[in-house]
Each structure stands twice: as structure tokens, then as C-alpha cells.
Amino acid sequence: MPCRIEVALKRGQRDALGARTAQRIHQDLGYEVLKVRCVDVFTVDAALDVDDLTTLAAAIADPVVCEWSVERPLARGFDWLVEVGFRPGVTDNVGRTSTESARLLLSDRWPTGARIHTSRQYLLSGELVRSEVEAIAIGLLCNPLIQQFRVLDRQTFESDGGFVAQVPTVAQHEVPAVETVSLDLSDDALLVLSKERTWALSLEEMQAIRDHFATPTVVARRAKAGLPAEPTDLEIEVYAQTWSEHCKHKIFNAFIRYYEPGREREDIDSVFKTYVRGATSKVRAALGQQDFCLSVFVDNAGVWKLDDEWNLVFKVETHNSPSALDPYGGALTGIVGVNRDSVATGQGARLFCNTDVFCLASPKHEGDLPPRLLHPRRILEGVREGVEHGGNKSGIPTVNGSLVFDERFLGKPLVFCGTGGIMPKEVAGKPSHAKQAEAGDLIVMVGGRIGKDGIHGATFSSEELHEGSPATAVQIGDPITQKRAVDFLLRARDEGLMSSMTDNGAGGLSSSVGEMAEGPGGARIDLQKAPLKYAGLAPWEIYLSEAQERMTAAVPETSIGRFLDMAREMDVEATVLGHFNNSGELEIRYGDELVGLFDLPFLHGGVPQMKLEARHKVVDESDPSYEAHGDLTSVLSSLLGRLNVCSKEYWVRQYDHEVQGGSVIKPLCGVSNSGPSDAAVVRPVLESMRGVAVGHGLCPRYSDIDAYHMAACAVDEAVRNVVAVGADPDKIAALDNFCWCDPVKSKANPDGDYKLAQLVRANKALYEVCVAYGVPLVSGKDSMKNDYAIGDTRISIPPTLLVTAIGILDDAQLAVTMDAKRAGDAVYVVGVTYPDLGGSEYYAHLGLSGGAVPKLREPAATKQTYRLLHRAMKARLVSSCHDLSDGGLGVALAECAFAGGLGLVVDLREVPSSTELRDDALLFSETPGRFVVTVPQSAARAFEIVLGEMARQVGFVSEDKRLVLSGQSGEAVVDADIFELEAAWKKPLWF
Amino acid sequence: MARSIRVIVLTGNGINCEMETAHAARLAGADQVDIVYLWDFASGKANLAHYDFLCLPGGFLDGDDLGSARACAIRMRHTMTPSGRLFDQIRRFVADGGLVLGICNGFQLMVKLGLLPSLGGDPGSQQVTLTWNDSGRFEDRWVHLAVDPESPCVFTRGLSQLELPVRHGEGKIVCGEFASVETLLERRLVPLFYIDPATGRATTDYPANPNGSSHGMAALCDPTGRILGLMPHPEAYLHRTNHPQWTRAELPVQGDGLALFKNAIEHLRSGQ
């Protein structure tokens, strides 16, 4: 008989979580509640006597501030009660921890396998009706996809005596039998089958699999192995996963015919090979002896040299579809997932920083939401909490990020999560960046257990959710189980116990074992040995499950004893599932039964290349005509308050950005620790002064005019950000993350060929700027189906390229922040301003579209400017440096001033520009390649000698706390109190 | 010849500040600094008897799933080592004159294990608690702290003011019937207070006091002064580049946080 323990704060103790919930009910949903109090419920699914339950309750509850009860409700003094618990099979971290505590407390008296499940009661006081309470439950307290709730009014609660204990267990089934799938079907029937089973395989791919199984050698091999002629369910699921867009990047590898008006057709055999890998090859060749790349595009993350002793590792991932449905779980698994990627690179890396970039619709969105979409405000709060838990609990500082707003992200929010790692150049006598499973090595699964979590995750974005199968749809991460596993794996690494490891992300074991088997040339595994969360999983589900916190390691026979002993001592589950061999085949068993047999070359190389057409349009860059606003001070103030410009301090403070002790430039800087840093600087090795700068660039709005310039500006912005804080422009590596709307033309997606042309153009720009800048791409990822299409509503995101730049500072003490430092310093503008207002925040503020998109005109010359600026920084000539991005020069000057608590007096006529520009254009143009720099008077001459024509003094820092900008007329066109500007900048996103 | 000082820094199970805490101990002059997994006590590989100074670093022990450090307090009370209960090993270490420094989550663990403030009564029973910040939020921000010069705390000896970061969601000290605020203040067991930098006085006002702790209490020590728990992170300010305003202020190369570790090493070297 299950029973309930309840824990609540004693009367008189402040219920901070309840108070915060009440505030959000009011702010987010507009309901008035007088008070919210919380009660934590532990449903103990074990036959225990009252004494043991009492012992447990007294240990769980804080004796100073909490009261507790056994089988007696604590709720009182409320009008409505909402109890929220998890659905069956959903990860319940508090439940797991309390179960472990119960086992320790009660030792033998705790029944083997017994579990505790948790739920939370919200006691609402206020004049509400049931429908309002249910709206609060669904709108804030409960995500029905992973949770369930019950509502009681006070009368019913009193007459019923509260709730009866209920346990959310997954119904236990027999292991489903392995089925075979007939592919001897018409083309139409093949396509229907692919769609019905959510394989997301195209007709060509279905035919390729069918033909493979009809090959005489395959037929004979299967007969000999005792397998049916037709593929098993496991086999076809493995093809669907391995060949999915998510895993195989079929669009990036497609053969594309690219048409551009007025130009000859261009044939591109894979944009990935041509532009992404192509850029890196060209940069590496040009670097020659100075090439710092070690392992790029082959492992889970890119690896390059930090210095003679250490290697850097970096990876950035997206987790868009899961975050749309469950923002908390989606972002949390996004972070812990990319953490596993970087850990499981080469011989294994220690993680030293996280980054996160969210693209969302306005949290102030009003109006109806299309079905299945969550309000952006809820997504924002959910992803924030997900990253907070994922990053903070893993002990990895979140050092850099962005929030980018555009209404089209309502259809699909973008959640980018990145992780940097570091490893010694050599580990246990071997180069750390290389790894290779050897024939004979054992296949060991380490970490969490397998459930139905995230099955079909690789094709999930196109899937309609099934009623009643929520446990398979989204997942919640468990950072502590993962932290324990990572602690263990790094210790095993240092003892040289593994040949290789990789994470279990999309595709689970199928992906990790399938990839690792390529090196030795074969593997054999028994799925019956895999530890499960609950019984009843079919073999294919075990193999494909994306349950979190799992790694696969290749461990030599000679080390396995020590490896398993160490795992046991560190309370980490590690299970031998099979071994690698050189048979050329991947053999999957379930106990004695053979359930899948794969020819490795066909599995990895058999997918037919897609053939696509891309059609670019004539770009119209004529600017709309409009009257300049008479009061540029008020325009500047409004721009500072725009969502894409304003302070993000509320988020930044909720992420631990200093853990590990190497923080040098924090996300917030300046006289009151709240100015917006351009990039982070971290010392990953505390004994060394070597600094790593982490920055990023993205400008999705520019795609509306030309995705080429969107991409060029994104690369420049990322590089410029790290240069601004002091990184050496000749030692920068970058990562590309493409998030696109569906670029495959179809009836439902008639302009798919244009979206593909945008993708081609973005790649061309990525190539050209990376080559000109000498910045190799070391890792990247793409996510191609970021559209919402239900009923008549279709929302496509603006094509978005996130570029993450990682730079190196030989001496972190030469880092520079963006805040003005001293009155009397000279103010310089570096770089030339053009009238680039298309896609700008200024135009968006005026409600204008079109116009001349910002362009990086001479990348080679710009790179040279960055070198000169860096030389000036190394000579300690620079007090502050701030890059110009959203909102242009006006916003950058204002930020530099209020972050420093000082005024600036600037003559706009001195700002280097292409032609004489109107004051508003000069102030708000978003031309890339520019900085605002302040320089001590004593260093001004030296600075000018170093920068030459690339910098011009435009004014000086003043004691007077005002921003005074005089325009073409010589009169002040902006004259504002810096604290008022700061207030306008801080106000919008503060909850 | 001065005696050799051996420091043990715990890790594992969600602890995540072990690296910088060990770095602090080394910079402060410890002769031997070992980062030891919690699990290594059960197997007998680690034993506190071999050390002089125990550091319990920050982190999220067991994910703080039952409230900060509570599940780990249960774990430590029930962990058996080859020579008996781990908790007894810790109490013996304390009784034998060892120093203990708990930072953030380590402080929360000490409070929940009853190691602080340790005012007598049933040993190992929890007397105060650390609970949710008034804001209900985790926050990372720098705070100004004043030292109580009359405190018996050996870690803060000779110090007057410090700047350090806090990074916590549950940092508000709440006293119970066993140990009132008045008793703690009277017995000078509050060595550090959050202060308003403008006035230099202890404050309960956000954000100078990040969690709403009464009287601005930021730390607790035991009556011997050898056990200190604090919410701010001294190991996060060891070098001037850790300070949020190092690019605009003249600061000593050595960060404020190192002084606490130096005092501890100094005490051990000179004391016995």
C-alpha cells in the first residue's frame, strides 16, 4: 500500500517559492491570488510501518523550518488546492534522491526496488472559480505533457480528507516480440509506412533499404544467420535513425543546383564539404606550421591547441523541438546533452564553460496562440530554469549567451547550448584528441538506465504527439547522475582504462555503438544485459532509446576489472553489453535471439544523396523613405529599451558564471557590475594566466534581405566580440550552428527552393569570411526543420546562423572590458560607418522593412584592423573597447557611458563614414567591423600611431554624467542623463 | 622545522568547487592538498585521520533535491567506513583539533549535519538552517562583508572587510529554538556579515544582503572557532582578475578570499 508523507514550511516561515508562484500567476496570467503556499508530497510505494515512515519523514523535513506528516494532509487555510505530479516514466529527480535516502536510513527494512514519487501541492488563496484554477494549473504549474494535476476546492478537500496516495508507475508488460517489416510494397505504400512509423525516410531511402535486403549476398547471409529475409523492426528503426536528417545531415550533404538571377547555374556537391569543411581546409593550409587544429569534424566536438600543454574542446548544439514542448526539460537536456558531447571527445575533457543563446518571440506577446504552442513568456522562464539547473548543478559556469527576439520564433523557439572543455595534451601517454575503439574492447554502458524516454527523438520534430505516450516524447535531465558518471569517466581516463568513449544522445546506443564500431570494423551486443528503468521494452526500444545521462565506453579486456570496480566504488552503474570486433558486421542480440544484423559500410554509407534545387531572388535593397525623428534622445532611449538591446541581467544572475574559479571577464561588468560585456574571458587552468575568450554572433533579421550578409555579419560579430575583450585575432576558432526553416520545396512548402538558396548563400559567406579572417571552423551542427505547421497556420523562423568564436589571450591580465574608465580619456571609433539600416533595430523600431542590409565590405582589411587593435591592447593603450551591434553607434556609446558611470561628449561629424550621413543613420546604422574605444590621454598619440587611419578620435569621457552627441549641424542631437538611459535599458526584462 | 600541513578537499556526488578550493589551499601554503571523492571513505582509501584541514566545497550535493545538502547529510550520517561510521570519523577529526571550512553547499551540509553552530546538546542534531533566499531565486553576485573582530573564528582573524561572490538559492540563515539569533550574536559565532558598502554596516536589504538573512548573517563558526561555514565563495576570489571591477580599479594581485585559507594554514602551523 502506498502512503503519503507531506512536508511544508511551518506557519510563519516565509514561503519564497510560493510567493514567487503568486507573483507569476499575477504577472503571467493576470489572476489575482492573495497567497500561494507549497506542500511537498512524497508518495512512498513500499510497505513500511508507521515507525519507519516517521523516521523517513523526520529525516526528509528540515527540523527548523518545516513541519511534516504521515498519511495526514498538511494543507489548511486555502481556497483551492492543485497537486502536480509526474506522469508515469518521467524522470523524477527528487523522487530518486529520496529513494536513495530511504535506502540509507532504513537499510534492510527498505524493500528492494521500492520507490518514492514526488509531487507538489499549491495552496491558492483568493476568489477564483474552478476554470480559473485549471487555467493556472495548465498555464503555469503543470506541463500536461510530462505532468498531471488534480484540483480540489476546500469543501471537497475537507469532506474527502485530502488525496489518496497514487503511484505513477509504468504498466509492466511482457517484452514485445520482435516483428519483421515487409518492404515488398508499392512506392505509395512505402511512403505511407515511413510516415506512419515516424521513420521520416524518403522514398529513395526506403527503396535503397528494400533493395539492400533483396541483394543475393544479403539474402544468403541472413539465411545463414537464421534471420528472416525481411528486416526486423530493430533493423529498420536503426536505418531510420542512422539515416535521419538529424544524424546524417542530408541537406548539408545534398547535391544542389543553385540558380541566381543573371548568373550561370552552379552545381554544389554538398554545402558542408564545399563551404564548411572547405573553409577549414583552406585556413589550415594557409596557417601551415601555425595550424592549431587537432581534430575537427570527426569527433563529438572540435579539438584544437590552447598552448603547448593543453587542448581546447568545444561543441554547440540546438535543442529546439523538445524545448518548444517542454522548455524546462528541453533546455536542461540540451545543456547536459552538449556537456556529454564535449566530455566524450578524444580521451575525455573536463568542462569549463557553458554558453546559451535563446531565440524567442516576445515574452510580452499578446493575442491568441496557435494550438500546441506555449506562451513565449513561459518558454523563456522554462528554458532559463532548465539552463540554471543543467549548468549550475553540473558545476559549469554559464559565461556567455544571448536572448534574441522575433515574432516568428513563436513557431519554434531556438535553444542553442554550447560547452567548452579542456584536456591535457597527453593522457596516460597518448595524444588526448584521438580515440579509437579496438577489436576485442568491451562495450560498456555507463550512467543512467534505459526507459522509453526520447524514442524517435531523431525524427521527433516532425512527429505529432500521441495521446497517452508522453513519457516517450520529452525528457528531463538528471545533472547529478551525469556529474557522478563524468567524475568517474575522467578518473578512468586518467588511469588510461578506456580506448574510446562517446555519448548516447540522439539515437541512443544505436548511434554510439554504430559510430564506434566503424573503427574496429564490427561489434556484437546483447540488449538483454542493458539495465532498464522498468520492464517491458522491446529490443528496438532499448537500442534506440535516448534516455539521458549515458555514455558508451570501449574498455580493453585487461582494464575491465579495474573499470567496473571503480564504477561500483563511485556509485555509478556500468554494464558490459558486448564487444567490438573486425567482422565487418554489427550484430545485435537479445539474449540468445539475433534481432539485427548490419553490414557496416551500407549502414553508414548507403544513404542515397539528396538532389535539390535552390533558387535565389533578386534582392531589393532600396531604403524606405521616412522622416528623421526630431528627438534622437528619445529614439535612443527607446532603442535601449528594445528587447534585443536591453539588459539581460535578470537571466545572467541566475546562472552561476564564476564556478571553477577562473572567471576573468564576466557577462556583466562596469562600475555597478551590470554593463553588457562583449564576450567572456575564462582561465581554465588556474595555475596559468592563459585566457580563453568566448563570444558569439547572430543576426537573423538580416536574412529578410539577404542571408549572405546575415551570415557574414554573424561571423564578424562573433570574431569582433572576442577581439573586443583582448583575444588574439590570429588564434580564433569558430563553430557554426545553422537553424533553418525547411529548405526542401514541396506543396506545403512552396518557397523551399528559395530557403535553400538562402542556405547556400549563408554558406558562401561563412566560407569567404572565415577564409579571409583565417578562422577555422572546428565543429558545427544544423537543424533544418524549424517550422510550425498545424491547420492553416504556418510559421517559419528566419534563417539563423549562430557563430560561436573562441579566442585565446596569452595573458588574461591584458583583457579589456567595455565600460568607460576615466574622465578625460579620448573616445575613438574604429571602422567606417555606411548607411546600413536594413534589418536594423532602428528600422524595426520605426516599423520599416527592407533597406540596405549591413555588409562586411572588406573582410581582409577588417581582419588587419583587428590585428592593429589587438596590438594596441597588448601595449596597454586601451581603457575600454565595445563592439557595435544592435542599435549601432548610439547604443554602444550609451552602454559604454552608463556602464562606466561617466559621461561622453562626442562630435558625430568626426565619426568615419562612407559619405556624409544623416545623424540618425550615423547613430543607428549596424555596419559590422566597428568598435568604440576609450584611450587614456597619455596613450592617445601611441594609439593613433598603431591604428593609423582605422581609428578616429570623436570625443572624450567626461565627469559630467551625461551623454552629449553633437550632430552634423554642430548642435547636440542627443543630450541625456546616463542614469536615465541606463534605467530605460534595464527596465523591459526584469521580472 | 615547521610541521607539514595536510589538507583534504572533498568532491563527488555533486560537489563542484573542489578544484579552486584545492588551488586556494595550495596558494595558502599547504604542504599536501588532496582532492578526495566522498566514495573513497566507504572503501577505506581515504581517512580524515591523515589530515589537518577539511574543506567542504560548494556544489549541489545530491542535486539539493531535498533542500540544500539534506540528502547528503543523511548519506554522511549513514555511510559506513571500514573503521566505523563516516560521521564519527568527522566528529573525531573535529575533536582532535582539525579545522573545517564549509563553503556554500559545504556550509549547508555542516549545518544540516549539526556541525554548526554546535552549541551543545545532542551532538549531530541540526540547530539552525539555511533556506531559500527571500527572492526565491538562485543568484550570482558580489557582496561586501564585514568581519566581527571579536569572533573566535580562526579563519577571519586579523581581517576587517572582504569582497566575495555569492552563488546560491538557499543562503538565508534561520535560527530555531535550539540556537537563537541572540545567542549566536552574543557568543560571537557570526564572523561575517553582509554590509551595505555605502555605510559599512550590516544590512538585511537586498541586494547588499542577497538572501534576507537576519542581521546580515553570512557565516557561522563553532565556539572553538575552528569550524567555519560561509555562504560567500572565498575560493572564487584568489586573483585580482576574479574581481568584477579589476579592469577599472587598482587591486592587490592576491584576492580577498585567500586570506581565509592563509589564516587556517597559519593557525595550524603555529598552533600545535
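At 23% relative accessibility, A:Phe297 counts as partly exposed (buried means under 20% relative accessible area, exposed over 50%, and partly exposed in between, with a 1.4 Å probe and protein chains only). The model is predicted: local features need pLDDT of at least 70, side-chain atom pairs count only at pLDDT 80 or more, and totals for chains, interfaces and linings use all residues. Residues are numbered from 1 along each chain as its sequence is written, chains are lettered from A and ligands numbered from 1 in the order in which they are written, and side-chain values use heavy atoms, with hydrogens and water left out.

A:Phe297 lies in the loop between β9 (293-295) and β10 (302-305) of chain A (helices, H or I with at least four residues, and strands, E with at least two, are DSSP runs numbered from the N terminus). Phi of A:Phe297 is near 60°, a positive value in a residue other than glycine. B:Asp62 also has a positive phi, near 50°, and is not glycine. B:Asp62 sits in the loop between β3 (53-56) and α3 of chain B. With 1% relative accessibility, B:Asp62 is buried.

Two cis peptide bonds are described here for chain B. One runs from B:Leu116 to B:Pro117, with omega near -5°. B:Pro117 belongs to the loop between α5 (105-112) and β7 of chain B. Another joins B:Tyr206 and B:Pro207, where omega is about 0°. B:Pro207 is placed in the loop between β12 (201-202) and β13 (219-221) of chain B.

The interface was examined next. Chain B contributes 57 residues to the contact and chain A contributes 70 (contact means heavy atoms within 4.5 Å). The two chains bury about 5400 Å² between them, 53% of it on carbon and sulfur atoms (buried area is the accessible area, with a 1.4 Å probe, that two parts lose on being put together, summed over both). Ten salt bridges are counted between chain B and chain A (a side-chain nitrogen of Lys or Arg within 4 Å of a carboxyl oxygen of Asp or Glu). A:Lys393 and B:Asp65 form a salt bridge, with their closest N and O atoms 3.8 Å apart.

On the side of chain B that touches chain A, two or more residues each come from α1 (18-27), α2 (39-42), α3 (70-78), β7 (128-131), β8 (139-147), β9 (161-168) and β10 (172-175) of chain B. α3(B) gives the most, with five residues. By class, this side of chain B has 18 nonpolar, 21 polar and 18 charged residues (Ala, Val, Leu, Ile, Met, Phe, Trp, Tyr, Cys and Pro count as nonpolar, Asp, Glu, Lys and Arg as charged, and the others, Gly among them, as polar).

The largest nonpolar core has 84 residues (a set of buried Ala, Val, Leu, Ile, Met, Phe, Trp, Tyr and Cys residues joined through side-chain atoms within 4.5 Å). B:Val7, B:Phe53, B:Met76, B:Leu109 and B:Phe155 have the most contacts inside it. Helix α7 (residues 258-271) of chain B supplies the largest share of this core, six residues. Beyond its neighbours within four places in sequence, B:Phe53 contacts residues including B:Val7, B:Phe155, B:Phe261, B:Ala264, B:Ile265 and B:Leu268. A second, separate core of 82 residues includes A:Cys699, A:Tyr708, A:Phe738 and A:Ala765.

In chain A, helix α9 (residues 233-242) is largely enclosed by the rest of the structure, because ten of its ten residues are buried. Among them are A:Asp233, A:Glu235, A:Glu237 and A:Gln241. A:Pro261 is found in the loop between β7 (255-259) and β8 (266-269) of chain A. A:Pro261 is partly exposed, at 39% relative accessible area. Neighbours within four places aside, A:Pro261 contacts A:His616, A:Lys617 and A:Val618.

B:Asp148 occupies the loop between β8 and β9 of chain B. B:Asp148 is buried, at 9% relative accessibility. A polar atom of the B:Asp148 side chain lies 2.9 Å from the backbone nitrogen of B:Glu150. Apart from neighbours within four places in sequence, B:Asp148 is in contact with B:Arg188, B:Val190, B:Pro191 and B:Phe193.

Key. Polar contact = N/O pair within 3.5 Å; in protein donor to acceptor, adjacent residues only side chain to side chain.
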